[in-house]
Amino acid sequence: MIGLFWNLLLALAWVTLTGSVTAMNLLAGLLFGYAALMVLQKQVPALKGYSRRIPRLAAFLVFFLKELVKSNLKVAYDVATPVWHMRPGVIAFPLNAETDMEILFVSSVISLTPGTLSLDVSDDRKVLFIHTMFLHDEEQLRDDLRELERRVLKVMR
């Protein structure tokens, strides 16, 4: 998070110094700031691993958008057709996420996907309770959620 903050500050400094407030200039500032932080990450311990997070974040966004479109189409098809294919249910999903921030992001991404909703986290923060519209194959759902969590944690760690 510190690296992202510094990258944004460097991008804003770039925009200020060039005197051109455009989206392309801001993007250029972000890229130049990213390159500068990539060089500095060996000397500044707080920036360690920042250069690996941006490509991981881009890969996660592509994956998440694909999953978002698939789940939107699935829910829309179920709503639009006269035969209901949904089989709602609640599952307990064991978490690999450890910190509050990781649990927050995992549960938020799950809730953003149509057809699933994060309900609660156990007191020991090891289990996430999830409501799903389509509980036809519980193991397949768990595998999909594990992949989603793995990708979120890959971006955050």
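Let's start with the neighbours of A92: leaving aside those within four places in sequence, A92 is in contact (heavy atoms within 4.5 Å) with V127, L128, F129 and R142. A92 sits in strand β1. Helices and strands here are DSSP runs, H or I with at least four residues for helices and E with at least two for strands, numbered from the N terminus.

Is A92 buried, exposed or something in between? A92 is partly exposed, with a relative accessible area of 32%; on this scale buried means under 20%, exposed over 50%, and partly exposed in between, using a 1.4 Å probe and protein chains only.

A word on what we are looking at, friends. This is a predicted model, in which local features need pLDDT of at least 70 and side-chain atom pairs count only at pLDDT 80 or more, while totals for chains, interfaces and linings use all residues. Residues are numbered from 1 along each chain as its sequence is written, and side-chain values use heavy atoms, with hydrogens and water left out.

Now the sheet. Three strands form an open sheet in the order β1-β3-β2, with antiparallel pairing; two strands pair if DSSP finds at least two bridges between them. β1 (89-94) and β2 (116-121) stand at the edges with a single partner strand each, so one side of each has no neighbour in the sheet. From one strand to the next, the twist averages 30°. β1 and β3 (residues 127-132) run antiparallel and are joined by six bridges, and P94 stands opposite V127 in β3.

Two helices pack on this sheet. Helix α4 (residues 100-112) touches β2 and β3, and its direction makes about 150° with that of β2. Helix α5 (residues 138-156) touches β1 and β3, at about 50° to the direction of β1. For those angles, axes are lines fitted to C-alpha atoms, for helices over the stretch in contact, and the range is 0 to 180 degrees between N-to-C directions.

Zooming out, the chain has five helices and three strands, running α-α-α-β-α-β-β-α from the N terminus. The radius of gyration is 20 Å, well over the 15 Å that the globule rule gives for 157 residues, so the chain is more spread out than a compact globule. That radius is taken over C-alpha atoms, and the rule is 2.2 Å times the number of residues to the power 0.38. Finally, 32% of the 157 residues count as buried.
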